[in-house]
Amino acid sequence: MRNYLFVYGTLKRGGSRHWILQDFPFLGRAKAKGFVLYDLGPYPAMVPGAGVVYGEVYDVPEEVLRDLDWVEGVPVLYRRELIEVSFENGFSLKAWAYIYNGNVKGFPRIESGEWKILQEKGF
């Protein structure tokens with residue numbers, strides 16, 4: 001079984017944690033419908049909702065997912081679940097994604113659905 005991973009924050013190209021994924025196949029940009037994005041400051045939070053979140057998809061080994069579970073604070077801060085994502089060409093697949101477990105009340109919603117890496121760097 002292939003392990004596809006949808007990333008939308010610090011794991012994206014240019015992000016502070018992208019080094020974890022840089023040696024694995026990048027499959028392209030994709031979107032996840034039925035989710036919204038919030039800006040928590042140093043990283044974003046994807047939660048279920050009426051929206052679309054944009055990110056990137058990678059093909060990663062199982063052991064990388066287990067390592068990322070620790071990095072992402074699973075099961076307390078985030079949970080990893082399979083969601084459907086679709087690419088610009090219309091192709092869709094099931095990919096793992098990290099869904100935020102905390103409360104987003106009081107944090108700004110990212111209306112565009114795309115977390116900009118510049119936000120991570122404080123610009």
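Pro75 lies in the loop between helix H1 and strand S4, where helices (H or I, at least four residues) and strands (E, at least two) are DSSP runs numbered from the N terminus. A cis peptide bond, with omega at about 10°, joins Val74 and Pro75. This is a predicted model, in which local features need pLDDT of at least 70 and side-chain atom pairs count only at pLDDT 80 or more, while totals for chains, interfaces and linings use all residues. Residues are numbered from 1 along each chain as its sequence is written, and side-chain values use heavy atoms, with hydrogens and water left out.

The strand pairing can be followed from S1 onwards, two strands being taken as paired if DSSP finds at least two bridges between them. S1 and S3 pair in the antiparallel sense over 4 bridges, and within this pairing Leu5 stands opposite Tyr58 in S3. S2 and S3 are also antiparallel, paired over 12 bridges, with Leu37 opposite Met46 in S3. These two strands, S2 and S3, form a hairpin with 4 residues between them, and Gly41 in the turn has a positive phi of about 105°. Strand S4 (residues 78-87) is joined to S5 by 9 bridges, and the two run antiparallel; here Arg80 stands opposite Tyr98 in S5. The hairpin of S4 and S5 has 4 residues between the strands, and Gly90 takes a positive phi near 95° in this hairpin.

From the pairing one can turn to burial, for which buried means under 20% relative accessible area, exposed over 50%, and partly exposed in between (1.4 Å probe, protein chains only). Strand S5 (residues 92-100) is mostly covered, since 7 of its 9 residues are buried. A nonpolar core is here a set of buried Ala, Val, Leu, Ile, Met, Phe, Trp, Tyr and Cys residues joined through side-chain atoms within 4.5 Å, and the largest such core has 39 residues, those with the most contacts inside it being Leu5, Phe6, Leu21, Met46 and Val85. At least two residues of this core are supplied by each of strand S1 (4-7), strand S2 (26-39), strand S3 (44-59), helix H1 (62-71), S4 and S5. The largest share of this core, 7 residues, comes from S5.

Val85 is in strand S4 and counts as buried because its relative accessibility is 0%. With contact meaning heavy atoms within 4.5 Å, and leaving aside neighbours within four places in sequence, Val85 is in contact with Phe6, Ala30, Lys31, Ala32, Val57, Phe91, Ser92, Leu93 and Ala95.

Phe35 lies in strand S2 and is buried, with a relative accessible area of 8%. Leaving aside its neighbours within four places in sequence, Phe35 is in contact with Met46, Val47, Pro48, Gly49, Gly51, Val52, Val53, Ile83 and Ile99. The C-alpha atoms of Phe35 and Val52 are 5.4 Å apart in space, with 17 residues separating the pair in sequence.

Asp59 is found in strand S3, and this residue is classed as buried because its relative accessible area is 10%. Not counting residues up to four places away in sequence, Asp59 touches Arg2, Asn3, Tyr4, Phe24, Pro25 and Leu27. Phe24, for its part, is found in the loop between S1 and S2 and counts as partly exposed, at 24% relative accessibility. Beyond residues up to four places away in sequence, Phe24 touches Tyr58, Asp59, Val60, Pro61 and Val64. Phe24 and Ile99 are 75 residues apart along the chain, and their C-alpha atoms are separated by 22 Å.

On a 1 Å grid over the protein atoms alone, a pocket is an open set of points where a 1.4 Å probe fits, with protein on both sides within 12 Å along at least five of seven lines, and its lining residues have an atom within 4 Å of a point. Grid points are joined across faces, edges and corners, and a volume is the space filled by probe spheres set on the points; on this basis the largest pocket has a volume of about 260 Å³. The lining comprises 17 residues, of which Thr10, Arg17, Tyr43, Glu72 and Tyr78 lie nearest the centre of the pocket. S1 gives the most to this lining, with 3 residues.
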